[in-house]
Amino acid sequence: MHKLASKKNTQSNSEKRIALEAAVVYRGVDNVLRVVHEGMTLTSQQYYGIYLRPAQDCYAYVYQVDSKGAVARLFPNNAFNTGDHLLRAGEERWIPNDSELFELDESTGTETIYIAASRKELPGLAEIVSAPKDDLTKRFKGLGLMGVKGAVVAG
């Protein structure tokens with residue numbers, strides 16, 4: 001079983017923050033997509049994806065940290081045909097894409113999803129494809145991204 005925790009983050013542009021709707025969803029046994037709530041437990045037989053819709057044009061980055069502390073960039077990611085990380089205002093983006101969902105591996109533990117959005121590209125994040133959790137945390141903090149202090153398991 002996997003517990004999914006999420007961290008939502010926005011990057012400021014001097015006065016205004018980026019408004020970004022974001023959700024982690026899973027496919028239920030009835031094939032209906034439902035929102036994953038922080039601390040919720042999923043099994044390896046359940047599939048999940050991420051929904052993003054910004055109110056302003058922005059560059060988005062999505063990472064998953066597994067229970068062993070390994071980081072994988074989910075978006076953008078050519079291996080999953082996710083498309084480009086530039087999102088237009090009001091555009092709905094499903095990650096990995098409109099016709100697929102991610103599959104959890106057999107390792108159990110807490111998985112954490114990090115989502116960052118910025119008005120400009122963030123090369124410090126764009127170059128991370130996979131890394132240890134500490135590297136991702138340092139990059140987020142070094143870029144001054146709001147709200148990323150760490151992750152805790154709810155409940």
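Two strands are taken to pair if DSSP finds at least two bridges between them, where strands (E, at least two residues) and helices (H or I, at least four) are DSSP runs numbered from the N terminus. By this rule strand 7 and strand 11 (residues 93-95) run antiparallel and are joined by three bridges, with Leu52 opposite Arg93. The structure is a predicted model, in which local features need pLDDT of at least 70 and side-chain atom pairs count only at pLDDT 80 or more, while totals for chains, interfaces and linings use all residues. Residues are numbered from 1 along each chain as its sequence is written, and side-chain values use heavy atoms, with hydrogens and water left out.

The protein chain holds two helices and 14 strands. Of its 155 residues, 42% count as buried, a label that means under 20% relative accessible area, with exposed meaning over 50% and partly exposed the range in between (1.4 Å probe, protein chains only). Among contacts (heavy atoms within 4.5 Å) between residues at least 6 apart in sequence, 69% join residues at least 24 apart.

Rings of Phe, Tyr and Trp (its six-membered ring) pair if their centres lie within 6.5 Å; planes under 30 degrees apart count as stacked, over 60 as edge-to-face and the rest as tilted. The count by this rule is three aromatic pairs. In one of them, Tyr48 and Phe102 are tilted, at 5.4 Å centre to centre and 35 degrees between the planes. Together, Tyr48, Phe80 and Phe102 form one aromatic cluster.

Strand 9 (residues 70-75) pairs antiparallel with strand 8 (residues 58-65) over four bridges, and Tyr63 stands opposite Arg73. Four residues lie between the strands of this hairpin, where Gly69 takes a positive phi near 90 degrees. Strand 9 is also joined to strand 14 (residues 130-132) by three antiparallel bridges, with Val71 and Ala131 as bridge partners.

The largest pocket has a volume of about 220 Å³; a pocket is an open set of points on a 1 Å grid over the protein atoms alone where a 1.4 Å probe fits, with protein on both sides within 12 Å along at least five of seven lines, and lining residues have an atom within 4 Å of a point. The volume is the space filled by probe spheres set on the points, which are joined across faces, edges and corners. Of the 13 lining residues, Tyr48, Gln64, Ala72, Glu103 and Glu111 are closest to the centre of the pocket. Strand 9 gives the largest share of the lining, four residues.
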